[in-house]
Amino acid sequence: MAKRSPKIRENPRAEVITSLSNPRLSQEDVVAILRRRNLPQEAFNLIVENGFWIKEYQIQLTLCQNPRAPLSFSLRYLRHLFLHDLGKRSEERRVGKGC
């Protein structure tokens, strides 16, 4: 499994979408995909629509940490984060004063 993660990070956008349709994709693989800063909107949709993945706290946290994640998705899962994770999120340089 660890061998697949670096390969996924290097794939073009279309291959990321194809990778997300793989039913054997692990939580670690989805987190690695979510850490990419150039994910297409369709990738976020596939991850959020998959009930098995989005139940995992680490995936919700990584989704909220991605600056390109749609605001509606980030706000939906922001309320599920722990206070110490929210504190870390507010101290990041990428987060504006309005967030």
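Helices (H or I, at least four residues) and strands (E, at least two) are DSSP runs, numbered from the N terminus. This is a predicted model, in which local features need pLDDT of at least 70 and side-chain atom pairs count only at pLDDT 80 or more, while totals for chains, interfaces and linings use all residues. Residues are numbered from 1 along each chain as its sequence is written, and side-chain values use heavy atoms, with hydrogens and water left out.

**Overall fold**
- The protein has eight helices and zero strands, and its elements run α-α-α-α-α-α-α-α from the N terminus on.
- Of its 99 residues, 40% count as buried, that is, under 20% relative accessible area (1.4 Å probe, protein chains only).

**Interior**
- The largest nonpolar core, with 23 residues, is a set of buried Ala, Val, Leu, Ile, Met, Phe, Trp, Tyr and Cys residues joined through side-chain atoms within 4.5 Å.
- Leu-20, Leu-34, Ile-59 and Leu-63 have the most contacts inside this core, to which α2 (13-20), α3 (27-34), α4 (41-49), α5 (51-54), α6 (57-65) and α7 (71-78) each supply at least two residues.
- Beyond its neighbours within four places in sequence, Leu-34 is in contact (heavy atoms within 4.5 Å) with residues including Leu-39, Phe-44, Ile-47, Ile-59 and Leu-63.

**Surface**
- The protein exposes about 6600 Å², of which carbon and sulfur atoms supply 54%, by the Shrake-Rupley method with a 1.4 Å probe.
- Leu-75 lies in helix α7.

Methods: Buried < 20%, exposed > 50% of the residue type's maximum accessible area, 1.4 Å probe, protein only.
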